[in-house]
Amino acid sequence: MTEISFYDAVGGEETFRRLVHRFYEGVKEDPLLRPMYPEEDLAGAEERLRLFLIQYWGGPTTYSQERGHPRLRMRHAPFVVDLAARDAWLQHMHAAVLELELPEELEKRLWDYLVYAAHSMVNSLA
């Protein structure tokens with residue numbers, strides 16, 4: 001008997017596509033976060049986050065095949081990620097998670113990881 005991955009349990013690629021797209025819809029309108037995403041790279045940022053989350057949760061490993069090890073803190077180092085940026089990120093991500101209408105246990109598992117990840121990206125207390 002094989003255990004189903006979280007990726008499959010939540011609906012696979014389509015679920016992560018919806019999650020990340022909804023998140024970036026919020027980012028596009030956010031005065032604090034929007035400057036961190038140049039217009040010419042907004043679609044690329046959306047794709048990278050989607051591929052990362054897909055891989056992290058047990059889906060295809062396309063992210064690592066295309067970009068290598070995630071090295072999340074290093075990749076975010078050029079940006080000032082303070083508590084306000086973290087909170088704004090979480091606000092948009094929370095709205096996106098809620099729109100998925102996942103079963104409670106899956107939603108909690110996803111949300112707990114996203115909160116952990118957001119806290120770990122903070123690199124400035126200014």
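Predicted model: local features only at pLDDT ≥ 70, side-chain atom pairs only at ≥ 80, totals over all residues.

Tutor: Residues are numbered from 1 along each chain as its sequence is written, and side-chain values use heavy atoms, with hydrogens and water left out.

Student: At what angle do α2 and α3 pack?

Tutor: Helices (H or I, at least four residues) are DSSP runs, numbered from the N terminus. Axes are lines fitted to C-alpha atoms over the stretch in contact, and angles run from 0 to 180 degrees between N-to-C directions. Here α2 (residues 13-28) and α3 (residues 42-56) pack at about 140°, their axes 9 Å apart. The pair is therefore oblique (under 35 degrees is roughly parallel, over 145 roughly antiparallel, 65 to 115 roughly perpendicular, the rest oblique).

Student: Which residues of α2 and α3 meet?

Tutor: Contact means heavy atoms within 4.5 Å. On α2 they include F16, L19 and F23; on α3, among them, are L42, L49 and L53.

Student: Which residues of α3 are buried?

Tutor: Buried means under 20% relative accessible area, exposed over 50%, partly exposed in between (1.4 Å probe, protein chains only). In α3 the buried residues are L42, A45, E46, L49, R50, L51, F52, L53, I54 and Q55. After α3 comes G58, with a positive phi near 105°.

Student: Is S124 buried or exposed?

Tutor: S124 is buried, because its relative accessible area is 16%. S124 sits in the segment after α7 (104-121). Leaving aside neighbours within four places in sequence, S124 contacts V80, V81, D82 and L83.

Technical notes: Helix = DSSP H or I, 4+ residues; strand = E, 2+ residues; numbered from the N terminus.
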